[in-house]
Amino acid sequence: MAKGSNISRRKALGLFAALPLAGLAGRGAAAAEPVKVGLVLTMSGPFAASGQIMANAAKLYLETQGKALLGDVPVELVIRDDGGANPDVAKRLVQELLTRDGVQYLGGFQWTPNANAIGPLLNKGKVPCVLFNASGANTTQLSPWYARTAFTHWQVNKPLGEWAAGSRGFRRAYLLTTDFAPGHDAEEAFTKGFTAKGGQIVASVKMPIQSPNFVPFLLAAKEAKPDVVFAFHPGGVQASAFMRAAQEADLRGAGIQLIGPGDLTSDEELPNIGKAALGVITASQYSMAGNRPANTAFIEAWKAAYGFSPVRPNYMAAGAYDGMHLICSAIAATKGKADAAAAIDAMKVFKAESPRGPISIDPETRDIIQNIYIREVREVNGELANVEIETIPNVRDPWKIEHPL
């Protein structure tokens with residue numbers, strides 16, 4: 001992307017971040033104190049766009065579907081910026097939200113290390129916390145006060161591995177994964193699914209999380225002549241850099257299929273990636289191109305509220321939108337009262353038609369049960385889209401099945 005376009009995008013992101021985030025606080029003439037919901041998100045730094053997407057998705061649910069569900073119960077969002085994967089900062093912010101701001105619910109958490117770090121605070125404060133994006137498989141086992149509307153990398157990548165070796169018939173896979181906890185989960189999960197269906201892992205290589213040069217890694221993968229390269233990185237701005245590197249390495253010209261989780265071709269980055277993404281296959285719980293009534297309504301509401309510039313809704317938006325739905329359902333079930341145990345019980349029986357399809361909360365693990373879609377980047381009406389080509393229905397977290405408490 002040209003330097004000028006980057007400057008324009010940063011300006012647009014600033015406008016996006018400045019949108020009001022007060023939810024339903026002060027709505028009508030209600031005398032009751034608002035139920036405070038603390039959201040810990042990354043609102044600054046290189047991954048700020050992701051936090052801004054989730055903040056706006058949460059606000060969108062409150063101001064649309066949330067009104068009918070909550071009735072006269074006012075809700076106030078209290079947004080805090082963790083600045084990135086900073087567990088110590090996340091702990092400090094949560095401590096402040098609980099003791100100074102008096103929040104009844106917590107939500108957000110882009111980063112697994114941040115989410116894991118606050119477990120002891122949840123246990124002490126007995127406050128429900130809904131994970132909008134943090135995807136570490138073991139996180140919900142660290143405290144009974146977590147619930148998750150995001151996903152786990154096992155939930156996405158094990159089915160992808162099974163599909164790649166089973167339905168698609170790939171035999172040899174080369175793995176490139178970022179060297180941090182979610183990358184390790186993605187590597188292990190894909191390997192488990194791929195080898196279970198008769199596939200062979202040629203090599204598994206770790207990439208640095210900060211400012212990686214992807215080209216040497218992809219050229220080494222090409223030299224190994226696998227059928228498929230499975231790649232995982234944190235997404236966001238790295239998606240464009242990775243796809244340019246894949247184009248330079250010319251995996252497609254070598255007859256090598258590039259696959260991975262949805263971060264490779266996330267909906268908000270597709271316009272920046274361009275046609276280098278064509279033909280890439282990913283597994284994800286959400287696609288903006290999903291042909292479902294709830295998704296059509298979600299997209300229309302998003303467009304009316306924010307437009308599609310600077311960013312479009314993606315899987316993080318779906319996680320935050322459904323996360324606020326889950327929190328609001330608990331608030332409605334408890335009539336706004338501070339009853340954490342009753343709130344968690346209400347979350348355990350949650351079911352809904354989401355923009356991503358049917359979802360529910362597994363009462364045993366408090367993780368989401370959802371469809372996983374196999375998607376291919378295609379050009380649709382002159383625009384790139386993650387077209388859903390197969391559906392793997394009602395997937396529970398496989399890691400919990402193998403590692404029950």
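User: How much accessible surface does the protein chain have, and what share belongs to carbon and sulfur atoms?
Analyst: The accessible surface is about 15600 Å², and 52% of it belongs to carbon and sulfur atoms. Areas come from the Shrake-Rupley method with a 1.4 Å probe; for residues, only the protein chains shown count as cover.

User: What kind of model is this, and how are residues numbered?
Analyst: This is a predicted model: local features need pLDDT of at least 70, side-chain atom pairs count only at pLDDT 80 or more, and totals for chains, interfaces and linings use all residues. Residues are numbered from 1 along each chain as its sequence is written, and side-chain values use heavy atoms, with hydrogens and water left out.

User: How many helices and strands?
Analyst: The protein chain has 15 helices and 14 strands. These are DSSP runs numbered from the N terminus: helices are H or I with at least four residues, strands are E with at least two.

User: What is the radius of gyration, and what does the globule rule give?
Analyst: The radius of gyration is 20 Å, close to the 22 Å from the globule rule for 405 residues, so the chain is as compact as a globular protein of that length. The radius is taken over C-alpha atoms, and the rule is 2.2 Å times the number of residues to the power 0.38.

User: What percentage of the residues count as buried?
Analyst: Of the 405 residues, 58% are buried. Buried means under 20% relative accessible area, exposed over 50%, partly exposed in between (1.4 Å probe, protein chains only).

User: Switching to charges. How many salt bridges are there?
Analyst: A search of the whole structure finds 17. A salt bridge is a side-chain nitrogen of Lys or Arg within 4 Å of a carboxyl oxygen of Asp or Glu.

User: Which residue does Arg-80 pair with?
Analyst: Arg-80 pairs with Asp-101, with the closest N and O atoms 3.4 Å apart. Arg-80 sits in strand E2 and Asp-101 in the loop between helix H4 and strand E3, so the bridge ties together parts 21 residues apart in sequence. Arg-80 is partly exposed at 21%, whereas Asp-101 is buried at 16%.

User: Which residues make up the network around that pair?
Analyst: Arg-80, Arg-92, Glu-96, Arg-100 and Asp-101 are linked in a network of salt bridges.

User: Asp-322 and Arg-356: buried or exposed?
Analyst: Asp-322 is buried at 2% relative accessibility, and Arg-356 is buried at 1%. Their side chains meet in a salt bridge, 2.8 Å from N to O. Asp-322 is in helix H13 and Arg-356 in the loop between strands E11 and E12, 34 residues apart.

User: What does Glu-388 bridge to?
Analyst: Glu-388 bridges to Arg-292, at 2.9 Å between the closest N and O atoms. Glu-388 lies in strand E14 and Arg-292 in the loop between strand E10 and helix H12, so the pair ties together parts 96 residues apart in sequence.

User: Now H12. Which residues are buried there?
Analyst: Asn-295, Phe-298, Ile-299, Trp-302 and Tyr-306 are buried in H12. Seen down the axis, the buried residues fall within an arc of 95 degrees, so they line one face of the helix. The arc is that of the directions from the helix axis to the C-beta atoms.

User: What does the face turned away carry?
Analyst: That face of H12 carries the exposed residues Pro-293, Glu-300 and Ala-304.

User: Last one: what does Leu-218 touch?
Analyst: Leu-218 touches Leu-176, Phe-242, Ala-245, Ala-246, Ala-249 and Leu-251, not counting residues up to four places away in sequence. Contact means heavy atoms within 4.5 Å. Leu-218 is in helix H9 and is buried at 0% relative accessible area.
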